[in-house]
Amino acid sequence: MKKNNFLSILIFSIMALSCSNNTDVIKNAEVGVDEKVKELLSKMTLEEKIGQMTQVDQNALVDYNDITKYAIGSVLWGGNSEIADISAGGWTKMADTLIGFSLKTRLGIPILLGIDAVHGHNNVNNAVIFPHNIGLGCTRNPELVEEVAKVAAQEISATKIHWTFAPCVAVVRDERWGRTYESFSENPELVAQLGAAAVKGFENGNLASPEAVLSCTKHYMGDGGTTNGKDQGNAEYDEQSLRKIHLPGYISAMKEKTATIMISYSSWNGEKMHGHKYLITDLLKGELKYEGFIVSDWAAIDQLEGDYKSDIEKSINAGLDMIMIPNGPALQGKVGVNGQPINTYFDFIKNLKELVAEGKVPLTRIDDAVSRILKAKFNFDLFNKVKIENNLSAKVGSKENREVGRKAVQQSLVLLKNENNILPISKEVKNILVSGRGADNVGMQCGGWTISWQGNNGEVVKGGTSILNAVKNSVSKNTNVITSLDGSNAENADVIIVVVGENPYAEGFGDDQDLTLSEEDIKTISKVKESNKPFVVILLSGRPMIINNELEKANAFVAAWLPGSEGQGIADVLFGDVDFSGKLSFTWPKNIEQIPINVGDENYDPLFPYGYGLTYKK
């Protein structure tokens, strides 16, 4: 036998034995998770450990073989990185493909698949799109929030994705921020209560459950408290205030054993959170003893000062365990709009390996990060789940799940005005006009983070019910339902529903220093008012807006927030099948000059106070 052949056989035999031992450890039910992690970690090379710390956007993977080559630990879809076939079956097929490449690695450690499913499985056609968190905050109902998260987890699991980047436990103190709708409330206690309920629902009381997903509580921390509501801005607080307002949501989520926490783009008193060792390692992992793993936001470490190598050094030493990287080989060596090099997962792997060799990132820090990631994978039973068909595909968009969405809509609506008891509307009314840009616009109902990152107007998801169609479903067969975009035909109606609000947006694209309605919406309301017919305004928005004039004109006014796909829940309340029960989770300002305004402020004089909400009951 030739020497080279003998060496090859010997190396292959050692690798096979290693993999066999690895499999034995994984399958042994008598072996605890900590022991499994320790055993598997002992078999890993530095390159394999760094691979586990690397999370790559699927669109960046020009060659899926890189998952195998670099032992990539996680793949995600974020922002606009949807796949071509966004049916549940299409997502499942993609998940199986990517998982298959990870199982070809030497140790066969499966990848975690993560996605921005922030109000239902919102990248999937026919999935139930739930109200954004601001609406759920108005329900004041942790049991319902848990149920919503449980349904979302079921639909995510049906597509073989493992991890949702939710819940957001930002405590928004300035509604000008474009992510206000991602927050349950301005009140830290309510945020903590509902955030914990969401974690409990996502993780289903047992991560190993086939219908559980890993939660990701975000964005640590102070993201909702930036000066002037600027996205990715600076939270200017003393430490006592930071802890009092922005930390409770994480403490409550940790009590429910949230699997992961995502770091915020924002800064605390000028220091970027992604490099903040005190808040991440000393406070979160040390004082609070957090045992899950910490993930970065989308290319967020790139915003640290210095070159990419120093960004990696600072963020990993600060306590980050997994880095989210949206760029791959197609962008290698190119520069972005700011003239800076575009950093790829190749760059991350290469630089982190060098930093360990140079002693700038201790191997103990690498081992801590990888241990936390592996622990999450074992707790989730990922090694077994990737081999099992879960048979959940029929649950996506099911009638039962839509009923949960409908109930969430019903309880999220806040009645701000009901002059002369115009509401509830009789189902026997002879002529009803449903008008405005939002009347037949499921995309506007859903808002941002719906199929695409920024969302869109129109029929963006299959299976949804617009407010117009919900009205048609609710009235008697003798009622004539007419519609117009701009309030035309108001004179021919006995009662009018006008649906106005914000166009979809996400993140900094929604930052707004004005918060007034569009000219088109204002004209529609004015035109309807001229008819002297009774009318109700339904406001679709991601936050309180400046509505004084429109409120005065309307006979009734409803804050519907961003209710999602189940518009029937709105009609249920308008026609009296269900009473209003929602209470404001945010203070409603009189004018833009009042912002920021929050309950507990000195000289508190809002248009509507925190907790306000009318009902039909006297």
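Three strands form an open sheet in the order 6-8-9, with mixed pairing; two strands count as paired if DSSP finds at least two bridges between them. Strand 6 (234-235) and strand 9 (271-272) stand at the edges, and each has a single partner strand, so one side of each is left without a neighbour in the sheet. Strand 8 (residues 267-268) and strand 9 run antiparallel and are joined by 2 bridges. Trp-268 has Glu-271, in strand 9, as its bridge partner. Strands (E, at least two residues) and helices (H or I, at least four) are DSSP runs, numbered from the N terminus.

The model is predicted: local features need pLDDT of at least 70 and side-chain atom pairs count only at pLDDT 80 or more, while totals for chains, interfaces and linings use all residues. Residues are numbered from 1 along each chain as its sequence is written, and side-chain values use heavy atoms, with hydrogens and water left out.

Thr-226 lies in the loop between strand 5 (216-220) and strand 6. Its relative accessibility is 4%, so Thr-226 counts as buried (buried means under 20% relative accessible area, exposed over 50%, partly exposed in between, with a 1.4 Å probe and protein chains only). Apart from neighbours within four places in sequence, Thr-226 is in contact with Gly-233, Asn-234, Ala-235 and Ser-266, where contact means heavy atoms within 4.5 Å. A polar atom of the Thr-226 side chain lies 2.7 Å from the backbone oxygen of Lys-230. Thr-226 and Glu-236, 10 residues apart in sequence, are 6.9 Å apart in space, C-alpha to C-alpha.

In helix 10 (residues 248-255), the buried residues are Gly-249, Tyr-250, Ser-252, Ala-253 and Met-254. These buried residues pack against helix 8 (188-203), strand 5, helix 9 (239-246), strand 7 (260-263) and helix 11 (277-287). Lys-257, which follows helix 10, has a positive phi, near 65°.

A nonpolar core is a set of buried Ala, Val, Leu, Ile, Met, Phe, Trp, Tyr and Cys residues joined through side-chain atoms within 4.5 Å. The largest such core has 126 residues, of which Trp-77, Leu-98, Leu-113, Trp-163, Tyr-220, Phe-348 and Leu-352 touch the most other members. Helix 7 (residues 142-158) supplies the largest share of this core, 9 residues. Not counting residues up to four places away in sequence, Phe-348 touches Ile-50, Met-53, Thr-54, Tyr-308, Ile-312, Ile-323 and Ile-325. A second, separate core has 38 residues, among them Cys-138, Met-545, Ala-559 and Trp-561.

Terms used: Polar contact = N/O pair within 3.5 Å; in protein donor to acceptor, adjacent residues only side chain to side chain.
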